Amino acid sequence: MSKKDATAFAASLAATLMVSIVVFQAGDGSHAAMPADEYDGDETLIALEYDPWEIMPR
């Protein structure tokens, strides 16, 4: 998926599951999102990380 779509998906997923989500670039140049604790790939490919506790208003 595009980086824009992956970013929107990651924000929604982080708010729904209340876990940190990473957006990373796959080998073919596309982007994907998954829970940060499940990501075991190259850390230099991580485009951004959403922490739901930082994006939630207090």
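In what order do the 3 strands of the open sheet lie? In this predicted model, the order is β2-β1-β3, and the pairing is antiparallel. Strands β2 (31–35) and β3 (46–50) form the edges, each pairing on one side only. Neighbouring strands are turned against each other by 20° on average, direction ignored.

Strand β1 covers residues 21–25. Its antiparallel pairing with β2 runs over 5 bridges. Within this pairing, Val23 has Ala33 of β2 as its bridge partner.

The sheet belongs to a protein with 2 helices and 3 strands. Along the sequence, these elements follow the pattern α-β-β-β-α. The radius of gyration is 11 Å, close to the 10 Å that the globule rule gives for 58 residues, so the protein is as compact as a globular protein of that length. The C-alpha trace spans about 40 × 20 × 15 Å along its principal axes.

Of the 58 residues, 26% count as buried, with buried meaning under 20% relative accessible area. The protein exposes about 3900 Å². Carbon and sulfur atoms supply 54% of that area. Contacts between residues at least 6 apart in sequence were considered as a set. Of these, 46% join residues at least 24 apart.

Note on methods:
Residues are numbered from 1 along each chain as its sequence is written. This is a predicted model: local features need pLDDT of at least 70, side-chain atom pairs count only at pLDDT 80 or more; totals for chains, interfaces and linings use all residues. Side-chain values use heavy atoms; hydrogens and water are left out. Helices (H or I, at least four residues) and strands (E, at least two) are DSSP runs, numbered from the N terminus. The radius of gyration is taken over C-alpha atoms; the globule rule is 2.2 Å times the number of residues to the power 0.38. Buried means under 20% relative accessible area, exposed over 50%, partly exposed in between (1.4 Å probe, protein chains only). Contact means heavy atoms within 4.5 Å. Accessible areas come from the Shrake-Rupley method with a 1.4 Å probe; for residues, only the protein chains shown count as cover. Two strands pair if DSSP finds at least two bridges between them. Axes are lines fitted to C-alpha atoms, for helices over the stretch in contact, and angles run from 0 to 180 degrees between N-to-C directions.
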